[in-house]
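User: Hi! I'm new to this structure and would like a friendly walk through it. Could you show it to me?

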Amino acid sequence: MLKARTLYDKLWDEHVVRTEPDGTALLYIDRHLLYEVTSPQAFEGLELQQRPVWRAAANLAVCDHNVPTSGRAQGISDPLARLQVETLAHNSEKHGIAQLRLHDRRQGIVHIVGPEQGVTLPGMTVVCGDSHTSTHGAFAALAFGIGTSEVEHVLATQTLPAKKSRNMRIEVTGTMPAGCSAKDLILHIIGSIGSDGGVGMTIEFSGPAISALSMEARMTLCNMAIEAGARSGLVAVDDVTITYLQGRPSAPAGADWQQAVQHWRTLVSDHGAHFDHELGIDISFLRPQVTWGTSPAMLADIDGTVPDPADEGDPGKRAAMVRALAYMGLAPGLAIQEISFDKVFIGSCTNSRIEDLRSAAAVVKKLGGAVAPTVKMAMVVPGSGLVKQQAEHEGLDRIFTDAGFSWHEPGCSMCLAMNEDRLAPGERCASTSNRNFEGRQGAGGRSHLMSPAMAAAAAIAGHCVDVALLFDAGVTGEN
């Protein structure tokens with residue numbers, strides 16, 4: 001009788017080429033995603049060793065991290081960014097790797113484009129030189145970020161040495177409350193288990209509340225699994241997965257589609273499979289979440305207050321809180337709803353899909369009026385050219401621009417401030433991105449993570465607003 005296996009066990013077992021005595025395995029990699037920042041050194045390494053790319057068709061290149069999101073027709077003004085983008089194009093052409101270049105309408109953030117094009121498929125191993133590759137785990141793919149030397153290894157061999165993680169399952173029950181989303185859920189999870197709660201583990205998100213989520217919402221969850229310290233996040237295949245993928249450009253078709261679906265439906269954890277750690281969460285009483293510190297785990301409910309470090313018994317955590325509050329310029333006891341903003345950013349690989357933009361636009365339309373005079377800039381950056389095109393078809397861009405938001409071309413943008421989109425020292429931002437580390441959105445910038453609906457409301461009000469009071473269940477979208 002076969003041993004019951006978790007979804008992670010199945011994905012791992014199906015990709016092991018061999019295992020060394022110390023437990024290190026050589027994994028076969030099905031899909032390798034490349035972008036302009038971490039790939040140049042890897043290609044240079046291949047050149048020095050006179051090695052070819054082993055399997056060019058398994059790779060897809062996209063420029064996203066430091067591309068301009070406005071004035072794109074004028075080209076890239078920053079010489080280093082321009083060189084990186086041109087180098088990616090050169091290397092892709094030389095090695096026969098498919099690339100979505102800057103002016104391709106499909107161009108966008110690599111973790112948006114992969115699923116959108118059907119390049120990410122269930123059962124795959126997916127790697128990229130970016131930590132938020134965990135996003136693709138929403139498709140029951142074993143996906144994780146790798147370093148530059150590992151990028152070179154995958155290009156040269158289509159394999160990667162790795163050690164197996166432990167299994168963790170987070171079972172989510174209940175019904176998503178009005179005004180809340182997958183972003184609030186994953187922030188709540190990170191706040192509950194800590195930024196190191198998933199270290200050494202691959203997290204599978206399961207339960208009826210996960211089954212009720214769209215693929216876009218599941219991608220948001222898996223995207224931020226890394227912020228809980230996990231190597232990867234996973235969601236099992238179901239009808240939602242299959243419906244999303246059908247007809248995607250790189251997805252199987254015809255008889256191949258039927259055969260693929262038959263296999264994909266086996267990509268679930270077996271009944272009785274062993275998990276090293278399990279956690280249950282009832283989201284029935286979830287509230288919109290806002291971070292106040294310099295880690296995604298430093299957060300509070302929208303109707304909460306900034307905590308007092310003096311109430312923290314752990315000396316290490318207390319010291320971290322003191323430093324975070326000093327950097328953020330916040331005082332203990334301040335109501336979260338009193339935090340005001342200089343800028344608002346709606347975008348990133350976490351929250352720039354069409355459902356995110358619909359959710360934000362619904363709030364803008366509901367509130368009426370315009371961006372608050374105290375907000376210097378409120379920007380919306382779609383995750384891909386196709387998302388931008390769909391949003392414009394639906395008129396979402398006009399809802400934003402009529403209210404005073406700026407509407408941008410796709411890219412990573414202010415998520416990590418590698419282009420002109422950034423915070424000045426001391427500026428405070430309501431952000432839908434995934435990290436609020438010191439200087440993440442610009443040197444000295446202060447970032448508060450929240451959902452697209454919350455960020456949109458903050459732009460109009462100028463401060464944090466409880467969007468749960470604005471809508472009945474379901475109106476703000478699912479993500």
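**A first look around**

Analyst: Buried stands for under 20% relative accessible area, exposed for over 50%, and partly exposed for what lies in between (1.4 Å probe, protein chains only). Before we go on, this is a predicted model: local features need pLDDT of at least 70, side-chain atom pairs count only at pLDDT 80 or more, and totals for chains, interfaces and linings use all residues. Residues are numbered from 1 along each chain as its sequence is written, and side-chain values use heavy atoms, with hydrogens and water left out.

User: Thanks! Where is the place of Asn434?

Analyst: Asn434 sits in the loop between strand E18 (428–431) and strand E19 (446–449). Helices (H or I, at least four residues) and strands (E, at least two) are DSSP runs, numbered from the N terminus.

User: And which side chains have a polar contact with Asn434?

Analyst: The side chain of Asn434 has a polar contact of 2.9 Å with that of Thr350, and another of 3.5 Å with that of His132. A polar contact is a pair of N or O atoms within 3.5 Å; within protein, one must be able to donate a hydrogen and the other to accept it, and residues adjacent in sequence count only if both atoms are side-chain atoms.

User: What else does Asn434 touch?

Analyst: Leaving out residues up to four places away in sequence, the residues it touches include Glu227, Arg440, Cys349 and Cys415. Touching means contact, with heavy atoms within 4.5 Å.

User: What about Cys222, buried or exposed?

Analyst: Cys222 counts as buried, at 0% relative accessibility. Its sulfur is 12 Å from the closest cysteine sulfur, in Cys349, which is too far for a bond.

User: New topic: helices. Which residues of helix H2 are buried?

Analyst: In H2 (residues 40–49), they are Ala42, Phe43, Gly45 and Leu46. Seen down the axis of H2, they fall within an arc of 155°, so they line one face of the helix. That arc is taken from the directions from the helix axis to the C-beta atoms.

User: What do they pack against?

Analyst: Strand E3 (31–34), helix H3 (79–95) and helix H5 (148–157). Just after H2, Gln50 takes a positive phi of about 55°.

User: How does E3 run relative to E4, parallel or antiparallel?

Analyst: E3 and E4 run parallel, joined by three bridges, and Leu34 has Ala61 in E4 as its bridge partner. Two strands pair if DSSP finds at least two bridges between them. With H2, these strands make a right-handed β-α-β unit. The chain then crosses from E4 through H3 to E5 in a right-handed β-α-β crossover. Right-handed means that, with the strands pointing away from the viewer, the path from the first strand over the helix to the second runs clockwise.

User: Last one: what order do the strands take in the sheet with E18?

Analyst: The order is E17-E16-E15-E18-E19, five strands in an open sheet with parallel pairing. The edge strands are E17 (406–407) and E19, each pairing on one side only. Inside that sheet, E15 (residues 343–346) joins E18 through three bridges, and Phe345 stands opposite Ser431.

Conventions
A disulfide is a pair of cysteine sulfur atoms within 2.5 Å.
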